[in-house]
Amino acid sequence: MVFQRLDRRSARAVNDPTARVHSPTSDRLARSDVAIDAAETDDPLMTDPLLPPVSEVAREPEAPWSQLRDDVVDGEGGEDLFDVVDSIARLIDGPVVVEDVDFRVLAYSAIAGQPNDEARRSAILNRRTPDRWLRWMEESGVRHQLAHGDGVIRLNIPWSSPLPRYIQPIRTAGQLVGYLWFMKGSGEFAEGFERIAREFASLLAPELARRSWALNENPGGRLLRQFLAGGMPAARLAEVLKVDHETVGTAVVVFEVEAEAPDVVGVRARAVRELARFAQMRLHAGLAGSVDQQIYLLNAADSLDDRGLAVLVEKTATHLERVLRVDVRAAAGAVRHGLTTAAMSREEADVAMRVLASRSGGRRLGCFSDMRHEILLHEVVSGLRARPLLTRGLLDRLNDHDRVHSTDYEETLSVYLNSFGDVSAAADRLHIHANSLRYRLKRLAEIAELDLEDPQTRLALQLVLAAR
């Protein structure tokens with residue numbers, strides 16, 4: 001993932017806005033006219049001479065949006081959030097700033113020759129839009145527009161400023177997660193600017209959602225993550241939940257929400273919040289949170305049993321689908337006794353979810369206790385698919401014969417084995433006479449050199465056919 005590093009250009013400036021020599025940002029400012037206070041210069045429109053590394057495609061003004069997106073953001077040239085912002089600034093030919101939902105600066109462009117002004121300098125040094133601007137945006141209704149709209153807004157500020165500003169709200173799954181600021185030294189942005197603004201806002205939305213504390217954190221989620229990671233003793237969590245950690249019934253449920261990128265991050269965050277509310281209102285003791293990119297619900301109750309757990313899985317999944325308006329899968333581990341068994345229940349929930357996710361159009365809810373045979377077969381077959389050398393050669397001759405002679409011996413064998421060796425039942429499914437089936441079985445056994453009377457051979461063949 002290219003968006004990993006925090007802002008290293010202005011780390012020192014956050015703690016000491018007057019620093020000009022030793023911090024990366026202040027060194028940069030000291031080498032440019034940006035460091036000159038607006039009151040000390042005759043030209044308030046200043047330029048920034050620094051040029052950080054960017055993708056080669058970003059250097060071409062005519063580079064199409066799709067190529068820029070693929071080459072810069074998907075890993076060919078973009079090093080971090082700053083590289084993407086630099087690429088946007090080059091594409092629109094104007095300075096760019098990305099801020100979170102609280103107007104804190106996350107990244108800003110630094111392109112040679114592009115203009116700057118005192119307000120932008122102040123925002124970068126202090127990592128936040130100046131209070132004067134925020135007050136005016138509140139009083140003028142701009143913040144209301146940002147909260148409820150999706151388009152680019154041009155700021156008609158009441159005081160003189162050399163850089164006209166435009167703001168594009170950034171949303172994911174309907175949730176506001178940040179802002180893209182665009183500035184223009186002279187003239188207007190080129191045709192297609194608003195489309196580019198929307199495209200980049202959509203592209204940046206997942207990263208800003210990940211950085212958003214409001215979207216991704218809740219107290220219960222932090223406790224759950226710490227507990228499942230082994231960083232909190234069961235006895236300590238039991239004190240928080242007010243249960244007996246040795247005897248309480250415990251089960252973990254894992255959820256998957258089906259949403260298209262870039263909305264998936266926001267939808268997952270909303271799912272966690274809804275589960276947290278559900279646990280608080282409906283469960284005696286429960287925690288919801290996101291752990292290792294998975295959504296979990298821990299349920300602890302003295303009277304918890306497998307039947308009650310199945311009802312809980314259905315209710316929570318139905319609630320999430322109604323609120324989020326997306327399809328939801330949910331799988332639960334078996335009910336265990338004591339909080340110390342939560343890790344085992346989580347492992348069971350994860351493997352049950354893998355089985356549900358492997359189906360296309362099948363059931364979306366399940367509990368480990370009701371799926372044991374399916375889970376066993378799924379894990380064995382997955383292991384065989386991962387190691388094809390284990391199945392190589394067992395049915396190669398039969399497969400080659402079917403391909404060369406247009407026969408269907410492999411299908412005949414599969415139906416026979418799935419009919420538990422019942423010739424009459426298999427013949428009915430194949431729509432042939434029982435004697436014809438017996439002849440086919442004898443012939444395919446000769447071709448593949450198989451002993452169909454041996455139970456181990458039949459079991460091995462069933463596994464090989466299931467792994468195809």
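Contact here means heavy atoms within 4.5 Å. The structure is a predicted model, and its secondary structure comes to 20 helices and 13 strands. Of the 468 residues in the protein, 48% are buried. Among contacts with a separation of 6 or more, 61% are between residues 24 or more positions apart. The accessible surface of the protein comes to about 23,500 Å², and carbon and sulfur atoms account for 48% of that area.

In soluble globular proteins, nonpolar side chains tend to be buried together. The largest nonpolar core in this model has 52 residues, of which M137, L155, L180, W181, F182 and L204 touch the most other members. Helix α8, spanning residues 193-211, gives the most to this core, with nine residues. A second, separate core contains 31 residues, including L224, V254, A334 and A342. Within the largest core, L155 is one of the residues that touch the most other members. Leaving aside residues up to four places away in sequence, L155 touches W133, W136, V142, R165, I167 and W181.

R329 lies in strand β11, which covers residues 328-332. Is R329 buried or exposed? Its relative accessible area is 13%, and R329 therefore counts as buried, since the limit for that class is under 20%. The side chain of R329 makes a polar contact with the side chain of E258, at 3.2 Å. Beyond residues up to four places away in sequence, R329 touches V254, F255, E256, E258, M353, L356, A357, R359 and R364. One of these, V254, is also a member of the second core.

Note on methods. Residues are numbered from 1 along each chain as its sequence is written. This is a predicted model: local features need pLDDT of at least 70, side-chain atom pairs count only at pLDDT 80 or more; totals for chains, interfaces and linings use all residues. Side-chain values use heavy atoms; hydrogens and water are left out. Helices (H or I, at least four residues) and strands (E, at least two) are DSSP runs, numbered from the N terminus. Buried means under 20% relative accessible area, exposed over 50%, partly exposed in between (1.4 Å probe, protein chains only). A polar contact is a pair of N or O atoms within 3.5 Å; within protein, one must be able to donate a hydrogen and the other to accept it, and residues adjacent in sequence count only if both atoms are side-chain atoms. A nonpolar core is a set of buried Ala, Val, Leu, Ile, Met, Phe, Trp, Tyr and Cys residues joined through side-chain atoms within 4.5 Å. Accessible areas come from the Shrake-Rupley method with a 1.4 Å probe; for residues, only the protein chains shown count as cover.
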